[in-house]
Amino acid sequence: MKGQQESAIADTQRMIEYGSVKAVGYLRKGRILSLYGQQKQAIEVFDEALANTAPDNFLFKKLVNSKEAARNLNSVHIDLIAKLPVEIVNNILSQISRRTVVTCLNISKTWRQRMLECENSWKYLSIRDDPISIQCASIIPYTARHVKKLTIDSNLIGVRKLCFDHMMEGSFVNIESLKMSAMLSIALSTASRTLTSVDFDFSNNGNNEITLADLLLGCRAVTKLVYTTKSHMSAMIGDLSMAKSIIGSDIKTVLRSCQNIRRLALNKCNPTVIDIIKTCTTLEIFCYNYQYEVSGVQGKIDGGMLAGLRKIYIGNRIPLEHIMPLLYNNMKTLEVVNVVIPETTGYQVQQLYATYPDFSLIKLFDRDANLSESNQTLRSIKVRGCGHAVTDGVLASLARIKTLEDVHFGNVLAATAEGISNFLDATKHQLTSVYLGETELVKNHHLTALGAFGRLKKIGLRKLSGITDEGIQSMIKAGCPALNALEVIKCPAVTTQCISDAKIVGRVAVVLYKK
């Protein structure tokens with residue numbers, strides 16, 4: 001529309017400059033400006049036109065009438081915020097910035113009322129030390145009922161007191177999430193029925209009056225709790241008895257207070273906390289020292305679903321005596337297992353099988369493989385540092401899972417070259433990514449087999465003493481139709497020239513080579 005207006009104005013300006021139709025140009029220009037709501041500019045154009053048009057010109061009267069019409073329109077003011085339906089006004093107000101909202105509060109009583117009644121404008125409220133936040137804090141008595149997520153990051157005592165006075169009075173009736181980073185004592189019980197997410201950051205304060213026990217016992221509905229402090233946890237834990245780190249008995253106390261917990265993430269705790277997890281029948285996702293983000297639980301608790309862990313993420317090497325009971329007790333329900341375990345010897349593996357006779361990787365993979373393909377879930381597996389546990393039988397069982405697309409095998413010691421060949425032959429139509437590393441079992445003929453994989457996009461080879469230039473060349477010549485990334489790291493018999501040729505001949509997009 002703006003482009004059309006500018007084009008039309010330009011046309012009228014050319015008419016004005018062309019003497020014989022000057023009056024027509026003025027008339028059209030003024031009407032266009034009036035049409036777009038620019039009444040003052042239109043009046044100025046009509047004044048200029050009347051000054052340059054003779055009274056006997058047949059357009060003179062039209063110019064006078066058009067000027068009068070523009071004057072009348074200029075004197076009329078329509079308050080759209082007051083006239084439009086509440087739903088439309090709320091939609092408009094929810095799109096503007098908090099600074100603009102605060103400005104609008106001072107325009108009129110009507111605007112102020114509409115602003116304060118707009119739920120979406122106050123659903124997320126952040127109180128800091130800037131002027132806009134301070135003005136927002138001053139109107140909390142009128143907006144608190146709309147707030148669902150509240151962040152308090154202010155060092156001003158008056159502002160903090162105002163926020164928490166209204167919390168104690170129960171003004172935040174719909175609050176679901178509270179995040180604070182200041183030293184405060186609050187009446188948590190007033191919000192305990194609605195709060196489901198709490199984030200307290202005391203990292204910039206030497207002391208605080210809120211302990212973990214206060215939060216756990218005071219907010220029964222909480223499903224997500226983040227508590228950050230530089231103080232020693234023994235001072236911050238409250239009624240929970242603490243040693244140098246959180247131990248199993250401490251977590252047992254926490255789980256007793258949170259009887260519907262479904263996801264638990266622990267960092268830098270004593271490994272004995274893992275032993276206590278088995279007592280929590282509602283837990284579905286467990287993370288221990290895991291540095292990556294893990295998605296939350298989906299949907300409501302299904303009473304008919306078999307109780308047990310669905311996903312386990314353990315990020316550093318924990319003694320097997322803590323991990324194995326967790327895997328064994330949840331063998332029938334586990335869907336995702338991402339566990340880093342210590343280096344194991346063949347003797348240790350045999351001891352584990354003796355202790356847990358019903359548990360083995362074969363049985364674990366067979367459970368998935370025996371399902372119909374539509375119900376199989378395993379798509380990726382990464383095995384490193386426990387090579388004695390991967391046998392030909394494990395590979396054969398794994399190959400039966402038709403959803404498997406990504407495999408990462410490092411330091412495989414108990415399998416045979418033939419077992420690897422059989423696995424590759426059985427999965428050649430499904431794998432999209434293969435990593436083989438740190439083993440003498442992989443030979444050139446395995447690379448030739450990989451070259452025939454129709455869907456394979458990425459190949460990683462690391463510390464493989466049994467492959468040579470011949471194997472790489474054979475793999476590339478076999479086709480590799482979908483391959484776009486090849487990584488060869490520290491394979492002593494593979495040369496730089498071979499890798500360069502592979503990139504040219506195979507047209508592989510990404511080639512990483514380290515001698």
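User: Leaving aside neighbours within four places in sequence, what is Ile139 in contact with?

Analyst: This is a predicted model, to start with. In it, Ile139 is in contact with Leu105, Arg112, Leu116 and Trp122, once neighbours within four places in sequence are set aside.

User: Where does Ile139 lie?

Analyst: Ile139 lies in a loop, the one between α10 (131-138) and α11 (140-143).

User: Switching to strands. Which residues of β6 are on its covered face, and which on the uncovered one?

Analyst: β6 covers residues 263-266. Leu264 and Leu266 make up the covered face, while Arg263 and Ala265 are on the uncovered one.

User: In which sense do β6 and β7 pair, and over how many bridges?

Analyst: β6 pairs with β7 (residues 285-288) in the parallel sense, over four bridges.

User: And what's the bridge partner of Arg263 in β7?

Analyst: That's Ile285.

User: Now cysteines. How many disulfides does the count come to?

Analyst: Zero disulfides, going by a cut-off of 2.5 Å between cysteine sulfur atoms.

User: What about Cys491, buried or exposed?

Analyst: Cys491 counts as buried because its relative accessibility is 1%. Cys498 is buried too, with a relative accessible area of 3%.

Definitions and conventions
Residues are numbered from 1 along each chain as its sequence is written. This is a predicted model: local features need pLDDT of at least 70, side-chain atom pairs count only at pLDDT 80 or more; totals for chains, interfaces and linings use all residues. Side-chain values use heavy atoms; hydrogens and water are left out. Buried means under 20% relative accessible area, exposed over 50%, partly exposed in between (1.4 Å probe, protein chains only). Helices (H or I, at least four residues) and strands (E, at least two) are DSSP runs, numbered from the N terminus. Two strands pair if DSSP finds at least two bridges between them. Contact means heavy atoms within 4.5 Å.
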